[in-house]
Amino acid sequence: MAAAEFKTGLLGAIPSLRAFAVSLSQNADKADDLVQETLMKAWDKQSSFEPGTNLKAWLFTILRNEFYSQMRKRGREVQDSDGIMTARLAIHPAQEGMLDLDDFRTALDQLPADQREAIILIGASGFSYEEAAEICECAVGTIKSRVSRARTRLHEILQIDGEAEFGPDPVATQVLGSNIP
Amino acid sequence: MTDKREVPRSKAGAGRRDDPLGPNSEIGRKLKQYYSALVTDDVPERFEQLLSKLESVESGQEES
């Protein structure tokens with residue numbers, strides 16, 4: 001792949017990389033440092049990228065590895081201790097379809113890192129389970145179980161009832177749906 | 001560069017309603033809202049400058 005084409009690909013991936021970096025590090029400044037490190041690593045490893053494969057997934061893998069290697073260097077515990085933060089959270093029960101984005105962000109921050117990254121990759125970044133498994137270097141089943149646990153945990157923190165989580169009532173949804181030209 | 005990935009079966013047609021993070025899920029909708037706010041954030045110029053710098057260093061090496 002030509003350097004110019006590769007560069008264009010990297011440029012196009014920056015917004016996604018930043019979003020993933022913020023999701024992982026929960027800190028905008030650290031996130032941008034992570035993205036910068038990722039871009040430099042990617043440039044150096046350019047020859048190991050196979051054209052035609054998913055550049056975004058390849059870059060996410062580099063960013064994720066960089067994140068965890070920085071965490072290890074800092075000697076910090078990556079995993080949040082399950083449950084402790086959750087107990088301290090006092091988020092009011094969500095009204096249907098009225099869940100506040102800040103509350104959601106707070107809840108997301110309380111997830112263990114492995115669950116948070118899994119639910120972000122699957123539910124927001126648009127990766128398949130197979131791609132997410134490659135990025136996280138684990139089995140597809142592991143991603144599935146992390147996503148499932150993340151959902152359960154978010155439901156608990158946000159006090160969303162499993163059955164009541166469907167936004168507008170079914171009739172409104174039907175009406176809205178039928179109005180789409 | 002486009003993401004040429006296969007649409008997962010669960011998202012194509014019949015399985016759609018069962019997608020636990022799909023449009024019918026409050027969590028799924030919030031996740032996408034949270035993430036799209038991050039993705040649409042303005043990108044600092046330093047990244048484009050960095051890539052241009054890397055590119056010029058590389059092309060300089062090739063010429064010599």
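This note reviews the predicted model of a complex of chains A and B, point by point.

1. Basis and conventions. The model is predicted: local features require pLDDT of at least 70 and side-chain atom pairs count only at pLDDT 80 or more, while totals for chains, interfaces and linings use all residues. Residues are numbered from 1 along each chain as its sequence is written, and chains are lettered from A and ligands numbered from 1 in the order in which they are written.

2. Confidence. The predictor assigns the complex an ipTM of 0.75 and a pTM of 0.76. For chain B, the average pLDDT (the predictor's confidence in each residue, from 0 to 100) is 75, and 66% of the residues score at least 70. Residues 6-16 of chain B stay under 50 in pLDDT, and the model has ten contacts beyond four places in sequence for them. Here two residues are in contact if their C-beta atoms, placed from the backbone, lie within 7 Å.

3. Chain A holds nine helices and zero strands, and chain B holds two helices and zero strands. Helices (H or I, at least four residues) and strands (E, at least two) are DSSP runs, numbered from the N terminus. Of the 181 residues of chain A, 36% are buried; in chain B, with 64 residues, the buried share is 16%. A residue is buried if 20 or more other C-beta atoms lie within 10 Å of its own, exposed if 12 or fewer, and partly exposed in between, with C-beta atoms placed from the backbone. Among contacts in chain A with a separation of 6 or more, 65% join residues 24 or more positions apart.

4. Domains of chain A. The chain is divided into domain 1 (1-78) and domain 2 (79-163), with bounds that come from an automatic or database domain assignment. Twelve residues of domain 1 are in contact with twelve residues of domain 2. On the domain 1 side, the elements that give two or more residues are H1 and helix H3 (55-73). The residues of that side comprise five nonpolar, five polar and two charged. In this classification Ala, Val, Leu, Ile, Met, Phe, Trp, Tyr, Cys and Pro count as nonpolar, Asp, Glu, Lys and Arg as charged, and the others, Gly among them, as polar.

5. The largest nonpolar core. A nonpolar core is a set of buried Ala, Val, Leu, Ile, Met, Phe, Trp, Tyr and Cys residues joined through C-beta atoms within 7 Å. The largest one has 49 residues, and those touching the most other members are A:Leu17, A:Phe20, A:Ala21, A:Leu59, A:Leu63, A:Ala118 and A:Ile122. Helix H1 (residues 3-25) of chain A gives the most to this core, with ten residues. Domain 1 and domain 2 of chain A each supply at least three residues to the core. Beyond its neighbours within four places in sequence, A:Phe20 is in contact with A:Phe60, A:Leu63, A:Ile120 and A:Ser125.

6. The contact between the chains. Chain A contributes 42 residues and chain B 29 residues. On the chain A side, the elements giving two or more residues are H1, helix H2 (28-44), H3, helix H5 (101-109), helix H6 (113-123), helix H7 (129-136) and helix H8 (140-158). H1(A) gives the most, with 13 residues. This side of chain A divides into 23 nonpolar, eleven polar and eight charged residues.

7. Helix H5 of chain A. A:Phe104, A:Ala107 and A:Leu108 are buried in H5(A). Seen down the helix axis, the buried residues fall within an arc of 100°, so they line one face of H5(A); the arc is that of the directions from the helix axis to the C-beta atoms. The buried residues of H5(A) pack against H6 and H8 of chain A together with helix H1 (26-39) of chain B.

8. A:Ala132. This residue is placed in helix H7 of chain A, and A:Ala132 counts as buried because it has 25 C-beta neighbours inside 10 Å. Leaving aside neighbours within four places in sequence, A:Ala132 is in contact with A:Ala118, A:Leu121, A:Ile122, A:Phe127 and A:Ile143. The C-alpha atoms of A:Ala132 and A:Ala57 are separated by 8.0 Å, the two residues being 75 apart along the chain.

9. Backbone points to check. A:Gln26, in the loop between H1 and H2 of chain A, has a positive phi of about 60° although it is not a glycine. With 14 other C-beta atoms within 10 Å, A:Gln26 is partly exposed. A:Glu137 lies in the loop between H7 and H8 of chain A, and its phi is near 50°, a positive value in a residue other than glycine. A:Glu137 is exposed, with 10 other C-beta atoms within 10 Å.
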